[in-house]
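Please read the following note beside the structure. It is arranged as numbered points for discussion.

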2 protein chains.
Amino acid sequence: MNKIGIIGGLGPESTLEYYKRIIYGYRNITGDENYPQLYVNSVNMTEILSYLTNNDYEKLADVLTNEINKLKTIGADYVAIASNTPHVVIDELIKKLTIPLISIVEETCKFAKNNNLKKVLLTGTIFTMSNNFYKKAFDKYNIECIVPEDNEKKIIHNVIFPNLENGIIIEEDKLAFMKVCNNIIKEKNIDGIILGCTELPLMINQDDFDISVLDTMEIHIKSILEKLM
Amino acid sequence: MNKIGIIGGLGPESTLEYYKRIIYGYRNITGDENYPQLYVNSVNMTEILSYLTNNDYEKLADVLTNEINKLKTIGADYVAIASNTPHVVIDELIKKLTIPLISIVEETCKFAKNNNLKKVLLTGTIFTMSNNFYKKAFDKYNIECIVPEDNEKKIIHNVIFPNLENGIIIEEDKLAFMKVCNNIIKEKNIDGIILGCTELPLMINQDDFDISVLDTMEIHIKSILEKLM
């Protein structure tokens with residue numbers, strides 16, 4: 001059994017989901033009486049967000065590399081960052097790291113490809129929507145990635161911060177999120193919506209939309225479980 | 001801010017509670033916008049239990065020392081084992097470790113002393129009730145520690161394994177637990193009941209008894225938060 005290292009705390013609510021679903025997911029799938037060993041390095045979200053706000057991507061990549069290397073030092077075979085946003089520096093991380101990183105972005109692209117999606121809508125934090133790391137990855141798979149307009153980005157970001165990030169679900173926020181997305185879906189003929197923030201599935205699921213809803217956290221955890229075994 | 005390392009997975013349910021309560025506890029108490037960095041090394045409970053079942057305490061102490069040292073290697077200032085049972089080897093661990101360990105047993109004794117308790121009832125897994133590490137610690141504080149009889153131990157242990165350990169709460173089990181404890185409390189004139197298993201507070205709380213209920217997990221987490229700051 002491989003050992004998985006998780007960079008957590010971005011935010012804490014989704015870290016809890018990753019922990020729970022990896023441990024119980026392993027036991028449910030295998031029927032094994034053992035529990036997987038799991039390392040979680042839960043970092044200071046406020047510090048990480050400050051690098052994003054200041055566009056200091058070099059520092060962000062350095063800090064993440066350092067935190068990931070701690071997990072490597074104590075024996076992790078694979079690492080995963082339990083969050084979408086920090087993947088803004090995924091190219092830099094892959095260059096710097098000497099341990100395989102299970103990327104939520106790459107796994108989501110593969111999932112979309114396997115489901116024959118052609119044009120997806122990206123939702124997530126302002127950082128995830130305003131940078132091109134998802135778009136660049138989807139390009140490789142010949143899938144068009146549509147990003148909301150600036151005013152729409154603001155509405156979506158404000159649904160996540162600060163309430164959803166702290167596990168608080170507000171019905172009004174959910175309706176605002178759905179309205180913005182449904183407008184774009186209709187206008188642009190979208191066939192899949194990317195929940196590109198690991199807190200969004202706390203509020204939104206497949207039942208809320210007529211098109212495919214890509215729960216990046218679920219896709220990521222499924223890939224982690226495959227690597228674990 | 002100090003960095004805390006947690007040995008988790010014993011079981012996973014209480015690890016989730018430790019994670020959540022340390023992160024949010026820190027923010028609630030300080031009002032700080034930062035999040036504490038937390039390392040969790042979640043181990044294989046089945047392996048740990050096998051050493052206990054085979055009375056292989058030397059191996060248990062070696063394995064725990066090794067896992068704790070991983071947390072030290074990556075920068076933890078203090079470590080804590082998020083479980084009562086492994087404290088059966090607390091004396092050996094303290095001898096072997098070069099990093100301070102926040103012991104759930106020691107912190108519970110201090111709490112009982114501060115609350116002027118004189119005679120407490122120990123509940124927990126069969127391993128915790130059948131070994132003398134709690135009794136030895138309470139002796140130092142001049143508090144009498146009463147342990148259930150063998151048939152009572154079995155009932156209490158079976159309430160924890162396997163259901164409660166996996167987060168499943170059964171009303172019938174709760175009533176059986178309370179009946180056994182109330183008999184001892186009345187007969188022996190007990191003034192405090194030790195929930196000496198970090199899963200017991202998922203089912204039992206202060207409202208269930210007329211005497212003091214010592215939630216070892218809560219006491220432990222409070223001490224961890226003090227060390228963190």
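1. In chain A of this predicted model, 16 residues of domain 1 are in contact with 20 residues of domain 2 (contact: C-beta atoms, placed from the backbone, within 7 Å). On the domain 1 side, α1 and α10 (216-228) of chain A each give two or more residues, and α10(A) gives the most, with 3 residues. Helices are DSSP runs of H or I with at least four residues and strands are runs of E with at least two, numbered from the N terminus.

2. That side divides into 6 nonpolar, 9 polar and 1 charged. Here Ala, Val, Leu, Ile, Met, Phe, Trp, Tyr, Cys and Pro count as nonpolar, Asp, Glu, Lys and Arg as charged, and the others, Gly among them, as polar.

3. Domain 1 of chain A covers 4-103 + 219-228 and domain 2 covers 105-215, with bounds from an automatic or database domain assignment. Their C-alpha centres lie 21 Å apart.

4. Between the chains, the contact takes 22 residues from chain A and 22 residues from chain B. On the side of chain A, the elements giving two or more residues are α1 (12-30), β2 (38-42), α2 (45-53) and α3 (57-73). The residues of this side comprise 11 nonpolar, 8 polar and 3 charged.

5. β2(A) and strand β2 (residues 38-42) of chain B pair in the antiparallel sense over 5 bridges; pairing requires at least two DSSP bridges. The bridge partner of A:V40 in β2(B) is B:V40.

6. Residues are numbered from 1 along each chain as its sequence is written, and chains are lettered from A and ligands numbered from 1 in the order written. As the model is predicted, local features need pLDDT of at least 70 and side-chain atom pairs count only at pLDDT 80 or more, while totals for chains, interfaces and linings use all residues.

Conventions:
Contact = placed C-beta atoms within 7 Å.
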